[in-house]
Amino acid sequence: MSSATTDRAARRAAKKNSPERLSAGATLAWTTTGASGAVNVIVLSYVVFYGTDVLGLNAALLGVLALLSKVLEAVAVIIAGWIVDRSPETRWGKARPYELSIVGVWAATWMLFSTPDMNDVGKAVWVFVALFFANVVFTSLLGANDVLYLARAFRGRVVYAKVASRTGFFTVLAVVAFNVALPILIAQAGTSAPAWSMMILFIAVPMAVIGLGRFIFVKEKYQTEAADVPKVTFRDIIDVLKSNKYIWIVAGITFVSTVASGTGVLIYYFKYLVGDIALMSVVALIPLLVLPSLLIFPWLMKKIGASRTITFGAIAGVLGGIVMIFAGGNLLLVFLASILSSLGILPVTFLAQVLILDNATYNQWSGRRRIESTMGAITAFAQRLGNGIGAGLTGVVLGLTGYDAALAEQPSSAITGIVVVAGVVPAVLWVGVILVMRPYRKFEQMLPTITEELAVVLAGDPDIDAPAVEGEHGTKFAPEPVAADTDADTSTPSSSSPKASDS
């Protein structure tokens, strides 16, 4: 055997055994829940349009209902995060069982778009109750487990970034395909309530089945917590929220990205400015153009840091909002604005989990509880609030500017309202992201030292997966963690604070 062949074999073996390796099977399995959830978010973004043009309800009322459900959901995710952090170990793990909530999400969504024919008060109550179950109950439980599940299924900051970006790649593909088809289906359904109900049913059933993929195929392998400390208390949570200012920055940028992308105003823009809802299918192809950027996120994170990657994306978001203001009915300019807006949203969306786990590491290093699920719940709170304000903003602005679904042509004030929500609001919000990422950059510069000190402390505890240390010469790992046999009815992990004696 030649030396070249030997070297290639050695490189392949090293790559296969690398702690930073992420298999294709794990990538696809992890994608399923995220893709199903992303499709659900898109479907629910049409609630205001469904309510005004199909049910004949007032736009401002629908905006208030959507906002109220999201505010309640924002509170619920905090409680859900606490529930997940306190959950006992089961044969399927600690976070994994909450994946079953995806079935409830889609059942409630179909219920919403199957509102019976009744008076306006009855319709409004039905819509709100369905939103309550879809958002406040099931989506809260589903989202609360995400960060802890990630930490217990994989290990290492680079691997987390790979999981987020690569699964994001396939999620975007699924969303693009769905976005291309949905406007066409909506145009065919028109304003027929039975047609909408059937359309959503045909979407909900396969999406619920697909959404169970992560629960079926991805096991929890690693312990992030020791077994000899009490369960998480509200005092632990309050302590972390008061002492860790960086998680609020992560929550803030999450809030902005969801407001910017969750207004649901685009369908009004295409109906009244472009003149054809079906043309939204063309814009829905835009993520394919920015999709390759997802695959370089781990590399960018290593080279310039997550904070700078997000900052560059925010600059693109500002430009996208400005272009949208002046686009009018010009499809080419709308296309350009959508590309820039997508480049703004993607870094926040797919690097947020990395930032959350960075904050959990910071908590543990500072002598406090990791509480990954609660950290994730804080950003989920911001995300739900942002979605609610986005959807509510559209309804309220349209109501205040004189939008009337019964009119074939809207007054100029309503057109101005549509442009403000589509362009002015996102541009202003993305400026805010640029400003807050500057102090976060200082925290990111501290992380290698924090992680290295924590790894040294945890090296003596075989029950904990010591974190990866990212230095000038690549990523190295603390001693090999003990894998948790979570398919057996054994062990109840909890968190130990390495600096508890100092706090």
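Visitor: How many helices and strands are in the chain?
Guide: The chain has 21 helices and 2 strands. Bear in mind that this is a predicted model.

Visitor: And what share of the residues count as buried?
Guide: Of 503 residues, 56% count as buried.

Visitor: What about contacts between residues 24 or more positions apart?
Guide: Those make up 83% of the contacts in the chain that have a separation of 6 or more.

Visitor: Ok, on to the core. How many residues does the largest nonpolar core have?
Guide: That core has 126 residues, and I203 and Y269 are the ones with the most contacts inside it. Helix α19, residues 331-365, gives the largest share of this core, with 15 residues.

Visitor: What is I203 in contact with, leaving aside neighbours within four places in sequence?
Guide: I203 is in contact with V39, V43, W106, F178 and L182. Both I203 and W106 also turn up where α5 meets α9.

Visitor: Tell me about that pair, then. Are α5 and α9 roughly parallel or antiparallel?
Guide: Roughly antiparallel. The axes of α5 (residues 101-112) and α9 (residues 193-211) cross at roughly 180 degrees, and the cut-off for roughly antiparallel is over 145, so the label follows. The two axes come within 9 Å.

Visitor: Which residues meet there?
Guide: From α5 you have I102, V103, W106, T109 and W110. On the α9 side they meet S197, I200, L201, I203, A204, M207, A208 and G211. By class, the residues of this contact are 10 nonpolar, 3 polar and no charged.

Visitor: Now the other pair, α4 and α6. At what angle do their axes cross?
Guide: Roughly 30 degrees, with the axes of α4 (residues 59-86) and α6 (residues 120-144) coming within 8 Å. That makes α4 roughly parallel to α6, because angles under 35 degrees count that way.

Visitor: Left-handed or right-handed crossing?
Guide: Right-handed, as α4 passes α6. The contact of α4 with α6 has 16 nonpolar, 5 polar and 2 charged residues.

Visitor: Switching topic: where does T254 lie?
Guide: T254 is in helix α12, which covers residues 246-261.

Visitor: Buried or exposed?
Guide: T254 counts as buried, because its relative accessibility is 7% and the cut-off for buried is under 20%.

Visitor: And what does T254 touch, not counting residues up to four places away in sequence?
Guide: V348, T379 and Q383. Of those, V348 has a number inside the range of α19, residues 331-365.

Notes:
Residues are numbered from 1 along each chain as its sequence is written. This is a predicted model: local features need pLDDT of at least 70, side-chain atom pairs count only at pLDDT 80 or more; totals for chains, interfaces and linings use all residues. Side-chain values use heavy atoms; hydrogens and water are left out. A nonpolar core is a set of buried Ala, Val, Leu, Ile, Met, Phe, Trp, Tyr and Cys residues joined through side-chain atoms within 4.5 Å. Buried means under 20% relative accessible area, exposed over 50%, partly exposed in between (1.4 Å probe, protein chains only). Helices (H or I, at least four residues) and strands (E, at least two) are DSSP runs, numbered from the N terminus. Contact means heavy atoms within 4.5 Å. Axes are lines fitted to C-alpha atoms, for helices over the stretch in contact, and angles run from 0 to 180 degrees between N-to-C directions. Angles under 35 degrees count as roughly parallel, over 145 as roughly antiparallel, 65 to 115 as roughly perpendicular and the rest as oblique. A crossing is left-handed if the near helix is turned anticlockwise from the far one by less than a right angle, and right-handed if clockwise. Ala, Val, Leu, Ile, Met, Phe, Trp, Tyr, Cys and Pro count as nonpolar, Asp, Glu, Lys and Arg as charged, and the others, Gly among them, as polar.
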